[in-house]
Amino acid sequence: MARKAPARHQPPTLTVKGRDVRLRTIGFVVLAALAVWFIAVNTGPVTVRLWVPTVTIPLWVVLTVTLVVGMVLGVFLARRRAARR
């Protein structure tokens, strides 16, 4: 009698409108929506010291730049880690 090969582990998914969506993707979308909402409600001016100059700019600009830099670094590190394997 032949044995069945064990099923490969698949990432957890949910079915949304007939399509399988990974839980990781749903989590990313929720976090992105929260980040956009947080940036949108924080619009007041802030003073930021950049080593020598002091700049007064809206807080949403600071948060957006921080988010974009974090995303770029995350992609860079993920690709670097994938290249090692």
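## Exercises on a predicted model

Leu59 lies in helix α2; helices (H or I, at least four residues) and strands (E, at least two) are DSSP runs numbered from the N terminus. The structure is a predicted model, in which local features need pLDDT of at least 70 and side-chain atom pairs count only at pLDDT 80 or more, while totals for chains, interfaces and linings use all residues. Residues are numbered from 1 along each chain as its sequence is written, and side-chain values use heavy atoms, with hydrogens and water left out.

**Exercise 1.** Determine the accessibility class of Leu59 and the residues that it touches.

*Solution.* Step 1: the relative accessibility of Leu59 is 23%. Step 2: the classes are buried (under 20% relative accessible area), exposed (over 50%) and partly exposed (in between), with a 1.4 Å probe and protein chains only. Leu59 therefore counts as partly exposed. Step 3: not counting residues up to four places away in sequence, Leu59 touches Asn42, Thr43, Gly44 and Val46, where contact means heavy atoms within 4.5 Å. Step 4: the C-alpha atoms of Leu59 and Ala40 are separated by 9.5 Å, and these residues are 19 apart along the chain.

**Exercise 2.** Locate Pro45 and classify its exposure.

*Solution.* Step 1: Pro45 belongs to strand β3 (residues 45–49). Step 2: its relative accessible area is 67%, so Pro45 is exposed. Step 3: leaving aside neighbours within four places in sequence, Pro45 is in contact with Thr56, Ile57 and Pro58. Step 4: between the C-alpha atoms of Pro45 and Trp60, 15 residues apart along the chain, the separation is 8.6 Å.

**Exercise 3.** Describe the backbone and setting of Trp51.

*Solution.* Step 1: Trp51 sits in the loop between β3 and β4 (54–58). Step 2: although Trp51 is not a glycine, its phi is positive, about 50°. Step 3: Trp51 counts as exposed because its relative accessibility is 79%.

**Exercise 4.** Identify the nonpolar surface patch that contains Val41.

*Solution.* Nonpolar side chains (Val, Leu, Ile, Met, Phe, Trp, Tyr) are joined within 5 Å, and like charges within 9 Å. Step 2: Val41 is in helix α1 (residues 23–41) and is partly exposed at 46% relative accessibility. Step 3: Val30, Leu31, Leu34, Trp37, Phe38 and Val41 form the patch, with about 630 Å² of accessible area together, by the Shrake-Rupley method with a 1.4 Å probe, only the protein chains shown counting as cover for residues.

Technical notes
Patches are made of residues with over 30% relative accessible area and no salt bridge: like charges are joined within 9 Å, nonpolar side chains (Val, Leu, Ile, Met, Phe, Trp, Tyr) within 5 Å. A salt bridge is a side-chain nitrogen of Lys or Arg within 4 Å of a carboxyl oxygen of Asp or Glu.
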